Amino acid sequence: MRGRFITFEGGEGSGKSTQVALLADRLRIRSIEVVTTREPGGSPGAEAMRHLLLSGLVKPLGPTAETMIFAAARDDHVQQTIKPALTRGAWVICDRFIDSTRVYQGELGNVDRRVIRALERVTVRDAMPDLTFILDVPVEVGFARVEKRGQVRDRFESEHIEFHIQLREAFLSLARDEPQRCVVIDATQSPETVASRIWLTVIERLLQPRGTATASRAAS
Ligand code: Z5A
């Protein structure tokens with residue numbers, strides 16, 4: 001049976017990497033094989049492209065070319081990492097995926113929606129996520145977390161505050177458009193509280209067969 005595919009999306013500092021790791025731990029305790037991965041990256045070829053994308057080297061080529069390089073990285077990642085894992089029945093948890101392209105390059109970068117969707121069809125094919133968590137925090141909360149980490153800002157983190165406010169709105173709008181796949185999580189609480197909300201959703205949507213015990217009973 002094909003494994004399950006879960007993606008995490010959201011603005012910077014929303015806690016995606018933290019929650020990817022916490023969810024993987026909970027699944028592994030249930031003896032489920034889990035592959036955690038990220039975009040851009042997640043395979044040797046895509047990790048090489050990650051450097052080009054996040055250093056800003058590609059930015060002067062313009063948003064459409066940048067989108068194509070994100071797509072090339074995704075194609076390699078899906079073929080080399082995601083599909084083989086799903087095919088052998090593992091669960092895959094990915095830090096950013098198609099929704100980041102839709103929002104960063106599509107909504108914010110003004111790349112034609114038809115180009116974005118065409119590249120998505122070519123690269124993703126039947127590896128669509130079963131469930132996507134959109135971690136939502138006010139921009140200033142995300143910024144404060146990243147500041148505390150004290151790393152140099154990358155090409156996207158360096159964008160102005162208005163960009164990040166629009167980004168948050170675009171993720172929330174995307175979630176409203178696809179409620180069967182996307183779940184918005186208030187990520188302002190402690191990592192453990194956020195992880196518990198995520199876990200309840202995974203139980204309800206992916207682990208618990210219809211008509212059995214309630215999610216809260218299963219979670220206890
Ligand atoms: N991008 C794109 O444009 N198009 C695409 O198609 C794709 C990506 C796939 C990748 O950046 C960039 O690529 C991204 C979009 C673009 N640009 N941005 N910005 P990345 O991979 O380097 O970084 P990121 O995805 O933006 O993640 P992040 O902002 O670095 O962090 P995060 O994963 O959301 O959060 P975290 O690392 O788990 O936590 C951040 C800090 O907060 C850390 O110190 C934690 O300990 C702390 N934290 C986490 N959770 C909490 C809670 N709940 N409370 C308090 N503190 C917390």
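## A buried phenylalanine

Let's start inside the protein: Phe133 is buried, with a relative accessible area of 0%. Keep in mind that this is a predicted model. Phe133 belongs to strand 4, which covers residues 131-136.

What does Phe133 touch, once neighbours within four places in sequence are set aside? Its contacts are Ile6, Thr7, Phe8, Glu9, Val183, Ile185, Ile198, Thr201 and Val202. As for another phenylalanine, Phe163 sits 30 residues from Phe133 along the chain, and 21 Å separates their C-alpha atoms.

## The largest pocket

Now for the open space. The largest pocket has a volume of about 1000 Å³. It is lined by 39 residues, of which Gly13, Lys16, Ser17, Arg149 and Glu157 are the closest to its centre. Sorted by class, the lining holds 15 polar, 13 charged and 11 nonpolar residues.

Several helices share in this lining, each with at least two residues: helix 1 (16-29), helix 2 (44-55), helix 3 (63-87), helix 4 (98-108), helix 6 (139-149) and helix 8 (191-207).

## The second largest pocket

The second largest pocket holds about 260 Å³ of space. Its lining consists of Arg102, Gly106, Glu107, Val111, Arg113, Ile116, Arg117, Ala170, Ser173, Leu174, Asp177 and Glu178. Two or more of these residues come from each of helix 4, helix 5 (113-124) and helix 7 (161-177).

Which helix gives the most to this lining? That is helix 7, with 4 residues. By class, the second largest pocket is lined by 6 charged, 4 nonpolar and 2 polar residues.

How values were computed. Residues are numbered from 1 along each chain as its sequence is written. This is a predicted model: local features need pLDDT of at least 70, side-chain atom pairs count only at pLDDT 80 or more; totals for chains, interfaces and linings use all residues. Side-chain values use heavy atoms; hydrogens and water are left out. On a 1 Å grid over the protein atoms alone, a cavity is a set of points where a 1.4 Å probe fits but cannot get out, and a pocket is an open set with protein on both sides within 12 Å along at least five of seven lines; lining residues have an atom within 4 Å of a point. Grid points are joined across faces, edges and corners, and a volume is the space filled by probe spheres set on the points. Ala, Val, Leu, Ile, Met, Phe, Trp, Tyr, Cys and Pro count as nonpolar, Asp, Glu, Lys and Arg as charged, and the others, Gly among them, as polar. Buried means under 20% relative accessible area, exposed over 50%, partly exposed in between (1.4 Å probe, protein chains only). Contact means heavy atoms within 4.5 Å.
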